[in-house]
Amino acid sequence: MSNVTVIGAQWGDEGKGKIVDWLASRAEIVVRFQGGHNAGHTLVVGDQTYKLSLLPSGLVRGKMGIIGNGVVVDPEALLSEIGRVRAQGLPVGPDTLRIAENATLILPVHGAIDRAREAARGERKIGTTGRGIGPAYEDKVARRAIRICDLAEPETLDWKLDEILLHHNTLLAGLGAETFEKGALLAHLLDLAPKLLPFMEPVWDRLDEARRAGTRILFEGAQAVMLDVDHGTYPFVTSSNTVAANAATGAGVGPGAVGFVLGIAKAYCTRVGAGPFPSELFDETGAELGRRGHEFGTVTGRPRRCGWFDAALVRRAVRVGGISGLALTKLDVLDGFDEIRICTGYRLDGQMLSHFPSAPLAQTRLEPVFETLEGWKDSTRGARSWAELPAQAIKYVKRIEELVEAPVTLLSTSPERDDTILMRDPFEG
């Protein structure tokens, strides 16, 4: 049996939450390995809708949830989310949720500097959520971050806050924003300590024991490959590596534990915020995709930009993300269109490109090249077997497989967890 790593294959918001929830029935441990509370997963279970940002989706299935060291954790956001799902009847406590002792904390100063810098960019905003994720990662690599284990050592907090405020207050003052006082931040962290420390442990040790015992582990990514800080549409990206290789680093396991890599992609394409989007539609078709797909960001509430499926972009995600197979979501949103288009490549200054370039100006000048396929009239919504799909829908899925050079192993045909067609169980490797 193999472990499974789930990552987004587009720009995020592909429906990873439902897929992870569905796969969690086959796993015992679910691990978040990167990102922060800028990620959002929506899970529909019966008459309950769970909106998760930091909590691993497997908790809804009653599985052990782990927040790995690659995640940056806003303590207040985490405690608020725990309180919200508890009010919905979901038991979350130290017996079901563990947090890596070396996970970096997001402080109030990080959100303040994030928002101040974004405001200062003016028309060159990169579309951050303003929640401090990027500045927290900056502190991590600058070796001044406060980690959850530091909450147990007031003397460590004391000198680390000196260093953090020396850096960030200087920037805030330069940007004309309000600065922070050390005593108030220290008191804030000491108040949070008894609420967070019961969840802390060296999770790498638990995961190593689980691997040796043959326990199935599901690694859950946030955002998507095209938002990866190295491989995405830089600088319109997140602040961490979203590719499957980071599951090992962000959870504290060896690369062999990553297992089968399942990339999640919508049957069309969406993006929240700024940045290049070659297959974006600015017409009524794009608006209709948004209406049908209820395309609003789970975390931000911002309307998502919508466009046709970009096979060239997903093919790049397959290669750099290490994707073994695709889970294609929201196929039912395409029901009833007379024609459906797929972006197969790009033109740049009259030259054909089969790949998505890295240079930012080149990305903004790409002209998509589309292939048109016949649509289907019969509904795919709620289909749970390949035989229930219209012939043209099957042809569409097969064409995607050819273009992205990866098999479609799962199809999702509605938000309901059981409306899923399984062609290959990822846990079988």
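Guide: A quick definition before we start: a residue is buried when its relative accessible area is under 20%, exposed when it is over 50%, and partly exposed in between. Also, the model above is a predicted one.

Visitor: Which residues of α1 are buried?
Guide: Helix α1 covers residues 16-24, and nine of its nine residues are buried, so this helix is largely enclosed by the rest of the structure. Reading along α1, the buried residues are K16, G17, K18, I19, V20, D21, W22, L23 and A24.

Visitor: Where is D13 found?
Guide: Look at the backbone here, because most residues other than glycine have a negative phi. As for its place in the chain, D13 sits in the loop between β1 (4-8) and α1.

Visitor: And what is the phi of E405 near?
Guide: E405 belongs to the loop between α12 and β19 (408-412). E405 isn't a glycine, yet its phi is positive, with a value near 65°.

Visitor: Which buried residues does helix α7 have?
Guide: Picture yourself looking down the axis of α7, which runs over residues 203-212. The buried residues of α7 are V203, L207 and A210. They fall within an arc of 60°, so they line one face of the helix. Trace that face in the structure and you'll pass V203, L207 and A210.

Visitor: What phi does G214 take?
Guide: Follow the chain just past the end of α7 and you reach G214. The phi of G214 is positive, at about 80°.

Visitor: At what angle do α3 and α4 pack?
Guide: These are helix α3 (residues 108-121) and helix α4 (residues 133-141), with axes 7 Å apart. α3 passes α4 in a right-handed crossing. The packing angle is about 115°.

Visitor: Which residues of α3 meet α4?
Guide: On the α4 side, the contact uses I133, P135, A136, E138 and D139. The residues of this contact divide into four nonpolar, one polar and four charged. Those that α3 brings are H110, I113, D114 and R117.

Visitor: How far apart are the closest N and O atoms of R144 and D139?
Guide: Side chains of opposite charge can pair when their charged atoms come close. D139 is buried, with a relative accessible area of 0%, and R144 counts as buried too, at 12%. They form a salt bridge, and their closest N and O atoms are apart by 2.5 Å.

Visitor: How many residues apart in sequence are the parts tied together by E295 and K266?
Guide: E295 and K266 meet in a salt bridge of 2.8 Å, N to O. E295 is buried at 2% relative accessible area, and K266 counts as buried at 1%. E295 lies in the loop between α9 (284-293) and β13 (305-307), while K266 lies in strand β11 (residues 260-266), so the pair ties together parts whose separation in sequence is 29 residues.

Visitor: In which helix do R399 and E402 lie?
Guide: R399 and E402 form a salt bridge, with the closest N and O atoms 2.8 Å apart. R399 is partly exposed at 23%, whereas E402 is exposed at 53%. They're three residues apart, about one turn of the helix, and that helix is α12.

Visitor: Which residues do salt bridges that share partners join into one network?
Guide: By the rule used here, the count comes to 32 salt bridges. Some share partners, and these link up into one network made of D13, K266, E295, R304 and K330.

Visitor: Is V44 buried or exposed?
Guide: V44 is part of strand β3 (residues 41-45). Leaving out residues up to four places away in sequence, V44 touches T49, P415, E416 and R417. The cut-off for the term is under 20%. V44 has 18% relative accessibility, so it counts as buried.

Key. Residues numbered from 1 in each chain as written. Predicted model: local features only at pLDDT ≥ 70, side-chain atom pairs only at ≥ 80, totals over all residues. Heavy atoms only, no water. Buried < 20%, exposed > 50% of the residue type's maximum accessible area, 1.4 Å probe, protein only. Helix = DSSP H or I, 4+ residues; strand = E, 2+ residues; numbered from the N terminus. Arc of directions from axis to C-beta. Axes fitted to C-alpha atoms, helices over the stretch in contact; angles between N-to-C directions. Left-handed = near helix turned anticlockwise from the far one by under 90°. Contact = heavy atoms within 4.5 Å. Nonpolar A, V, L, I, M, F, W, Y, C, P; charged D, E, K, R; others polar. Salt bridge = Lys/Arg side-chain N within 4 Å of Asp/Glu carboxyl O.
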